[in-house]
Amino acid sequence: MFRYVLRRILLMIPTIGLVLFFAFVLQSLSRDDEVSRLIELEGNQIYSSYGAYTDAYRLKAEQLGLLQPNFYFSIRPSYVPKEIEQWIPIRRKRGIIHLLKETRDQKGVLEMKRNLSQLLITLSPNPQERTLMSAIKELDDANNLDLLKLRARKIEDSYVESSSTSRQVNVVLDQIDALEVKKGWILPRIDFNGRKNRLHFWLSRGISSEPNLSLVDGSPAMDKVISALKWTFALSFSTLVIIAIFSILLAYYQVKHDGQWLDRLISLKLYALYAMPLFWIATMMVVFFTTDEYGSWTNIFPSVGVELMIGQEYSFWDQLALNAKRLLLPILCMSVHSLAYITKQTKMEMIESSQKPFVQAARARGLNPGQLLRRHIMPDAMVVYVTLLSGRIASLFTGSLIIEYIFNIPGVGKLMLDSMEASDWPVVFVILIFVSVATMIGYLIGDILLAKLYPRTRKELFVT
Amino acid sequence: MIPRLLLGWGCMIFAICFAISCQSDRRSDSGMQEEIVIRIESEPRTLNPILTSRSQDREIHEYIFVSLGDYDPVSLEMIPVLIKNLPSVMTVESGEYSGRDAYSMEIKEEARWENGNPISGEDVLFTLKMAAHPDVFTPGWKSLLADIRDVTIDPTDERRFMIYSEGEYFLNLEVILTAEIYPRYFYDAQNAMSSISLTELKSISSQELEQKYPEVSALGKTFSSVKFGKEMVMGAGPYKLRQWQSGQYIVLEKKENYWGNTYPENTILQGGFQRIVFQIVKDETVALTLLKNDQIDFLNFKRSPFMVFDELQNDQQASADLDFYTQATLRNNMILLNNHSPKLKEKSVRQALAMLTDVNRMLSQIEGGYGLRINSFIHPKKHLYNSELEMIDYDLDKAKKLLDESGWIDTDGDQIRDKMIDGVVVPLVLDFYITSSSTSASILAILQQSFRAAQVGINAAVLPFSKIITEHLVPGDFDMSVYVRASPTSKVDPYAVWHSSSIGLGGKNYQRYSNLIADQYIEQIRRLDITEEERAMYYKKLQRIISDDHPVIFLYSPFLRTAIDDDIEPLLSLKRPGYFANGFKMRE
């Protein structure tokens, strides 16, 4: 068994690696321009020139490690140079790739774009050149050859030469004129990027002294998650204990009184609870039980959120003790939903077990219904019960999202929601690791418990 | 037997827990004198003012940091804060900076940092150097400070200093005055910055800096770190950061023996409550619950529908301990029209769309009347507003006529107008980008109704605001978009939003408005060598020309709707964020 547990733990490492890799690939496929988003949304900032804007963009992109290829090696068509990653902003880089794809003229396109950048930097602080500036910006935006040539011709026709920029403008126009579609084979080229790639940048930050930082506030992503984890753990663990105790007891009670009015009443209530969406139950509980809205007698629970612990530093246990009463209502909400499901499934399994031959045989031996239930039916139904419970561990972590949001509890679920809304991927990745690990540990605990409680499964589980 | 026992014990333990928790937890009145709890919707990113210009961050750090001068929340006039008097521009007649503009300033004698050190010109110079540091991400500041040449400190009195400017930008003085000042001794204990001049720092690259001045380079990284944004935060304001509990709350504490107490007439330097607690509550229902439970004292109903505000006011029980206020804001809601779009290139089409927009209905249905109609980029309550501009009223017939005259007619009977453009029949269906907010949805619903009546189609797409900006507004891939623009308390610099050079990357002229005369007015407004009367005239002319061109559809400016504990007297202002917690007082 020890070897089995060790093997399962070792298997977690490649599994987490795969989860992270796929998450990274998905993020890489996103067309979101994080830097532009950060710059555009930073309030009413004014950029005195195009150069100031690109400087700001480059500084932020470098800080985020974005001016690098995605992986340790890249496969590109031969007409796309390795240095393409250095071109900013991302939208402009995509435009260049389009042009390269169309013309396959690497030297011509890149030279022209370099001169265009220089021209934009020269022109932008000068309001006298505004007409030319907007025409050059339009030229820079053109990402196919026909449009590029059309816009270049328009400039050529309307442009009045001035001494300061005429040479630069003419150079660009000549370069555009010389651009042609080159024919030939498109060969793939493999470039090895060494350690200068985004995946390495990201992974190395995960284990180095310079950790992955949240894009929102620059604090270490791991610290944010660990700080939030304590609240989620408190909620999830308490919920799990309540579900574990009450679901089995209710199922036992229902099977024992199968078909009686109390059994039917409990079944009806459990169905109703399971059918109601969690967010609705939670919102109703907040509105009814934490305010005087429907009379002071309904205001029986403390308010939502956690206590303001102003002043000294509190330990985790102190914080938990101070907030215990505030956590009760959210725990209750999380419990009732899962409780309904697990009780229902366990009851069904117990009824099914009661039809099995070994139970019939025991009944024939003269065991009374209570003895049958405790000695034969319940242990048999434990397989389902334990499997369901272990599966709940991960879902409680993610299921706490709604509860944490509604009850304003600063746990992992709320952090995940906030981070996803802000595209704060470093934090989302760390949460992903925790949820993956929680899922695997949940199932591992389930398997170990099954082996202990139900020796018949030990062989199936461990001799593989 | 055992399960029954377990069930019994389980129920009993649960009942005990239930009983313990079953108590309402209203705060006792005794604590009310000490602190005020204000709800904020989201956590600030940083309390390091140079690194951010987000209003959510400023809402908190403005009590910790103060600047040389600032706009008074009550009078909305520029007042001296750290300095004795507001400076006026003078031209240097001799020496190194001969011919340049200069501002001479003197810091108040009483102004001191927490350690007792006087605030000096050295701190001002350090602040400007940090803003110019190539490794510090302060893009907005770098552009604004581009014209500032140098700072010289009087060798006989370190409180006196002179700032030299080389540009002719009309807001230069305001930029200098409103920069939050940092204590050099706290942020640069080793005085590394003294090894490099401001001029050199402005022109040096990050790589060169690392080679030539490694300590200065390292300081840039430290300064930008989370440590100086969340933990070690110090300014000259009336409050200091006491605690930042991530995801929960931020506590500011009033400084003891604060030097600003000697200036009771200066609102910015006042501290009313001993502590200001900013509680982070994202969900509106939760915030309302906390307000009703007396867990928070001040709530801004910015995100809630007006009905919630009205219902709470009418609910006698819930509102028994609350006062309600509305306050005009400088937020302008508008619909951006892409002036480069082939469908919206013509002024008459844009004018027709403005006539199809029933702004009065929007104001009443979306804001419950809590707002003010606008027809200019300058708020009607500001003195530079051109009061001669007309409001465009909803007029379906006139709009139809304008569209007919522009050649947009339904030729194929599909109830959508169309027109031949460059040899192709183009239907008048407009790509309209909105966010998922209820305000956007309501604007869309109202527009759809009137546009349909005029046979104009809307192709609506709901996207996050950041995506609308980066993927549609910046590249110009849109016809219409809902947009909120907050204008500053100061004079507005129209260059970034209305000048044709601000179209595309780096600019905020998302509507792609281009008018040579408007450009000339903007350039005149930005000049330093004109009188304030002349500037006001250009502002009014610019407003007129923009109003006539209809580059955007101006909607309304919503009011700030707030509820506050009735024991507290609030200080509300047109200045952002609309309230000033340091001016809140307990009622007599």
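This is a predicted model: local features need pLDDT of at least 70, side-chain atom pairs count only at pLDDT 80 or more; totals for chains, interfaces and linings use all residues.
## Overall form of chain B

Chain B has 588 residues, and a compact globule of that length would have a radius of gyration near 25 Å; the chain has 27 Å, which agrees. Along the principal axes, the C-alpha atoms of chain B fill a box of roughly 95 × 80 × 50 Å. The secondary structure of chain B amounts to 20 helices and 23 strands.

The domain assignment divides chain B into domain 1 (65-231), domain 2 (239-327 + 562-586) and domain 3 (331-558).

## Contact between domains 2 and 3 of chain B

The C-alpha centres of domain 2 of chain B and domain 3 of chain B are 34 Å apart. Their contact involves 9 residues from domain 2 of chain B and 12 residues from domain 3 of chain B. About 770 Å² is buried between domain 2 of chain B and domain 3 of chain B, and carbon and sulfur atoms give 64% of that area. On the side of domain 2 of chain B, the residues that lose the most area to domain 3 of chain B are B:Phe306, B:Leu574 and B:Arg576, which together make up 57% of what that side buries.

There are 0 salt bridges between domain 2 of chain B and domain 3 of chain B. For polar contacts between domain 2 of chain B and domain 3 of chain B, the count is 1 residue pair, with both residues at pLDDT 80 or more. Helix 12 (residues 306-314) of chain B gives the most to the side of domain 2 of chain B that touches domain 3 of chain B, namely 4 residues. By class, that side of domain 2 of chain B has 3 nonpolar, 2 polar and 4 charged residues.

B:Pro577 lies in the loop between strand 22 (568-569) and strand 23 (585-586) of chain B.

Chain A is assigned domain 1 (34-207) and domain 2 (221-462). The centres of domain 1 of chain A and domain 2 of chain A, taken over C-alpha atoms, are separated by 54 Å.

A:Leu229 is in helix 10 (residues 221-256) of chain A. Leaving out residues up to four places away in sequence, A:Leu229 touches A:Phe397, A:Val412 and A:Phe434. A:Leu229 and A:Gly413 are 184 residues apart in sequence, with 9.0 Å between their C-alpha atoms.

Over all chains, the structure holds 46 salt bridges. One of them joins the side chains of A:Lys347 and A:Asp263, at 3.4 Å from N to O. This pair links distant parts of the chain, 84 residues apart: A:Lys347 is in helix 13 (residues 316-354) of chain A and A:Asp263 is in helix 11 (residues 261-275) of chain A. Side chains of opposite charge can pair when their charged atoms come close.

## Backbone features of chain A

Most residues other than glycine have a negative phi, and most peptide bonds are trans. The bond from A:Ile88 to A:Pro89 is cis, with omega near -15°. A:Pro89 is in the loop between strand 1 (73-77) and helix 4 (90-103) of chain A.

A:Arg104 has a positive phi, near 55°, and is not a glycine. A:Arg104 lies in the loop between helix 4 and helix 5 (106-123) of chain A.

How values were computed
Residues are numbered from 1 along each chain as its sequence is written. Chains are lettered from A and ligands numbered from 1 in the order in which they are written. Side-chain values use heavy atoms; hydrogens and water are left out. Domain bounds come from an automatic or database domain assignment. Contact means heavy atoms within 4.5 Å. Buried area is the accessible area (1.4 Å probe) that two parts lose on being put together, summed over both. A salt bridge is a side-chain nitrogen of Lys or Arg within 4 Å of a carboxyl oxygen of Asp or Glu. A polar contact is a pair of N or O atoms within 3.5 Å; within protein, one must be able to donate a hydrogen and the other to accept it, and residues adjacent in sequence count only if both atoms are side-chain atoms. Helices (H or I, at least four residues) and strands (E, at least two) are DSSP runs, numbered from the N terminus. Ala, Val, Leu, Ile, Met, Phe, Trp, Tyr, Cys and Pro count as nonpolar, Asp, Glu, Lys and Arg as charged, and the others, Gly among them, as polar. The radius of gyration is taken over C-alpha atoms; the globule rule is 2.2 Å times the number of residues to the power 0.38.
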